[in-house]
Amino acid sequence: MKIERIQTIVTCPGRNFVTVKITTDEGVVGLGDATLNGRELSVKSYLEDHLFPCLIGRDPRNIEDIWQYLYRGAYWRRGPVTMTAIAAIDMALWDIKGKLAGMPVYQLLGGKSRNGLMVYGHANGRDHAEAVEAVQKHIEEGYKAIRVQSGVPGLAKTYGVGKTKGHYEPAEKGLPPEEPWDTSLYLRHTPELFRKVREAVGFEPHLLHDAHHRLTPIEAGRLGKELEPYSLFWIEDATPAENQEAFRLIRQHTTTPLAIGEVFNSIWDCKDLISEQLVDYIRSTIVHAGGITHVRRIADFAAMYQVRTGFHGATDLSPVCMAAAVNFGMWVPNFGIQELMPHSPLTDEVFPHNYRYEDGYLVMDDVPGLGVDINEELAAKYPYERAYLPVARLADGAMWNW
Ligand code: GCO
Ligand code: MG
């Protein structure tokens, strides 16, 4: 069996997605997500100019060998562009293997460990009252876990909160928008937000919060400590982790659980965080961390230290990645939670898929492969549109982490 054809499909049904499609000489098709928000075309070029020529004629069943060939064989290892490109090919190969076996990918990984994946939804409010209302709405919709983000009084715009009520989409068309940031305002208002949410809805729903890399380690320690009375499921991305040691300081100050990893792309980015038990959840997901083949390695390593998965699942992860994440989550023994930020109806139409939300969980049927498709005719109607994530600046104009 051979890889006969391999191509990328770029589409923008409201936001940009890059998809890899591999076709075998027997006509079996596999799909992989290759979307890297704001840097989409670099991955497309890496794939088309450098990887595809090496893959034609290879046996698509040799997933491990192809992974090692693309990783070890590149000399230049790691990095978000490389690892997203490898991930897309890996996903497509697992999809093909599942279709060849007539089994869902979770069966190939080892079978079902659970009936569905507990998800967390996004409750966003321009102010605290709107955030509380959004939490209540999620509870009515059956969510067992809810991420809460609110506008910060004094800041014109805050990440995680849309311009209009309810809706939030991180990337914007055109050049990168600039947003203000002020840590002291944020630290003053965030414990108050969670006090109000707990007062309104009690302690049953799990509550999560994303600090989006804005804090220094000691500021993160303080936030974690001040949020302890509200019993959070996690604080995410409390501080950047280029320096993994930073988390030692946070750990010394708080028992609020910590999650990190949506921007990681390799096991080496989280090796010390996991083995020193400096975090509780690892968020690196299939599309940005080398595919199922590599994320499985991260998850198994994490299991030794009681660190659980909490995969990234924002709208920039296409339904192809979400289908892979659902298969993975059905199997992985140390599953923690899955982020769910529902795609637009148009995106769902471009990528028909089997997984679905049901009463707080993502579930899927017993379908071969990943259980996701692409409507290429519809995708072709929505060509790429330049879009970027915002950047953040402090009051004096200096750049900060977005
Ligand atoms: C999250 C994320 C996103 C990211 C986005 C970047 O936890 O959902 O932080 O909103 O900002 O996915 O591409
Ligand atoms: Mg995040």
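The report below covers a helix pair, a pocket and a cavity in a predicted model.

## Packing of H5 and H6

Helix H5, residues 128-140, packs on helix H6, residues 183-201, at an angle of about 40 degrees, and their axes are 10 Å apart. That angle makes H5 oblique to H6. The crossing of H5 past H6 is right-handed.

On the H5 side, the contact is made by His 128, Ala 131, Val 132, Val 135, Gln 136 and Ile 139. H6 contributes His 189, Glu 192, Leu 193, Lys 196, Val 197, Ala 200 and Val 201. By class, the contact of H5 with H6 has eight nonpolar, three polar and two charged residues.

## Largest pocket

The volume of the largest pocket is about 1200 Å³. It is lined by 39 residues, of which His 213, Glu 262, Val 263, Leu 389 and Trp 402 are the closest to its centre. Strand S17 (391-393) and strand S18 (399-400) are the elements that give two or more residues to this lining. The lining of the largest pocket divides into 21 nonpolar, ten polar and eight charged residues.

## Largest cavity

One cavity of 30 Å³ or more is found in a search of the whole structure. The largest cavity holds about 70 Å³ of space. Among the residues lining the largest cavity are His 128, Tyr 186, His 189, Thr 190, Leu 193 and His 209.

Strand S5 (145-150) and H6 each give two or more residues to the lining of the largest cavity. H6 supplies the largest share, four residues. The lining of the largest cavity has four nonpolar and eight polar residues, and no charged ones.

Notes:
Residues numbered from 1 in each chain as written. Chains lettered and ligands numbered in written order. Predicted model: local features only at pLDDT ≥ 70, side-chain atom pairs only at ≥ 80, totals over all residues. Heavy atoms only, no water. Axes fitted to C-alpha atoms, helices over the stretch in contact; angles between N-to-C directions. Parallel < 35°, antiparallel > 145°, perpendicular 65-115°, else oblique. Left-handed = near helix turned anticlockwise from the far one by under 90°. Contact = heavy atoms within 4.5 Å. Nonpolar A, V, L, I, M, F, W, Y, C, P; charged D, E, K, R; others polar. 1 Å grid on protein atoms, 1.4 Å probe; cavity = no way out; pocket = protein on both sides within 12 Å on 5 of 7 lines; lining within 4 Å. Points joined across faces, edges and corners; volume = space filled by probe spheres on them.
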